[in-house]
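This report concerns the side-chain contacts and surface features of a single model. Please consult the sequence and the structure shown below while reading.

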Amino acid sequence: KFEGLRAEDTQTMATVMMSASRKGIALATASRRISLPSSLLSESVCFKQEQQQQQTLTIREFGSSKNKKEEATLSYDERKAAAKEKRRQLHQTKVNRLNSLKTRRSNSPKDVQKTKFHSYFDTLQRRDEYLDRKARRCGKPWKVLVSAVVERLPVVTPDVPQWEEEYWEMKSMLMENSGKEFPMELANAGLSATSSMTGDTNAVYDRDDLLEQLKKQGFTPAPREAEADHTGQIQTLDRQLKTRVYLAIVPSSASSSTNAQQWSFPTVRVNDDETLLSAAKRSITSSIGTKLEFWTPSNCPLGVQLTPYEEEEEEEDSEYFGTKTFFIKVQLDDEGTIEENENVVQDWGWLTREEMTEKVAVEQGEENSKFYHYLL
């Protein structure tokens, strides 16, 4: 049909061919090829590229709707699996980003003590909740006990750590070399206590030098370690002066509320007509006498411990499911004296937290030792 076209009609033919290419029609001459100008060929190529770009943009524009249509054809399990995979990819992207961040403490352990405490306490809390539900299902109450935690505060200041000693030495050196000098008219405002005693305004002393100067003026410092620390005597308050100590007893078999001759705090059963605080005071007076002066900072207990009965204990006391022991803190007000009663107390002593947890670990197990460690 195009055999009769002349050379000057090539523009018309190019327009027809471009229109036909839009519809996907392939045209060819029947007997000979008609050569087109290069300008027309380049125009045709550019048009095809623009058409492909427009199709790509159209696909991207309607891609979301296409995905929605595809999701509509998927089953419930397939859509759920696809959403899970998307969440996994987002989480992995977040993890990779956090790993790529370089911080000063990226490799150092964090919240070590906090994690260690929660690993113990959360398990203990779930166990107590389970035992409480089990007791209600059995229809048996708990036997309520109270333990008095008698505490003696530290007598002397604790030992200075190595880093603090190095800090004070560095500070003394800096003050000596580049410290400010105050006029003498300011009532010795620029003098330290040591230089005021010795009269040397340029002297800088550490703790040992200060003690030597105090000894020359007649002061005698008290010992930081008592004789009982070397002999191992525990039935005295003159021991472990740098830390807290707690009154622990070994009850006799006749007076024990739990029928266990183990190291523990003074413990009694709470009567129906008394509070936890009054029962705690009664446990002290009934165990070690009335000559020990103390005071209670709070009515709130430190903690509670649930102990279900074993088979032998359940046969002896079948009315209760177990014991629920509340711990009340009591502060030692004055030294006083302890009246040792062999019928009530078999042994007693003032123990530190470490000593108490060691004895409990040997007698009652590691789990109870952790309870006393965090309690004290």
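Trp168 is located in helix α6, where helices (H or I, at least four residues) and strands (E, at least two) are DSSP runs numbered from the N terminus. The model is a predicted one, in which local features need pLDDT of at least 70 and side-chain atom pairs count only at pLDDT 80 or more, while totals for chains, interfaces and linings use all residues. Residues are numbered from 1 along each chain as its sequence is written, and side-chain values use heavy atoms, with hydrogens and water left out.

Trp168 has a relative accessibility of 44% and counts as partly exposed; this class lies between buried (under 20% relative accessible area) and exposed (over 50%), with a 1.4 Å probe and protein chains only. Together with Trp163 and Tyr167, Trp168 forms a nonpolar surface patch of about 410 Å² accessible area. Such areas come from the Shrake-Rupley method with a 1.4 Å probe, and for residues only the protein chains shown count as cover. Patches consist of residues with over 30% relative accessible area and no salt bridge; like charges are joined within 9 Å and nonpolar side chains (Val, Leu, Ile, Met, Phe, Trp, Tyr) within 5 Å.

The model contains 12 salt bridges, each defined as a side-chain nitrogen of Lys or Arg within 4 Å of a carboxyl oxygen of Asp or Glu. One of them joins Glu314 to Lys140, with 3.2 Å between the closest N and O atoms. Glu314 belongs to helix α11 (residues 311-316) and Lys140 to the loop between α5 (112-138) and β1 (142-152), so the contact ties together parts 174 residues apart in sequence. Glu314 is partly exposed at 36%, and Lys140 is likewise partly exposed at 23%.

Another salt bridge pairs Lys329 with Glu151, the closest N and O atoms being 3.7 Å apart. Because Lys329 sits in strand β6 (residues 322-332) and Glu151 in strand β1, this pair ties together parts that are 178 residues apart in sequence. Lys329 is partly exposed at 24% relative accessibility, whereas Glu151 is buried at 1%.

## A salt-bridge network

Arg224 and Asp159 form a salt bridge whose closest N and O atoms are 2.8 Å apart. The two residues, 65 positions apart, link distant parts of the chain: Arg224 is in the loop between α8 (207-216) and α9 (227-231), and Asp159 is in the loop between β1 and α6 (162-178). Arg224 has a relative accessible area of 31% and Asp159 one of 48%.

Asp159 and Arg224 are linked with Glu225 and Lys242 in a network of salt bridges.
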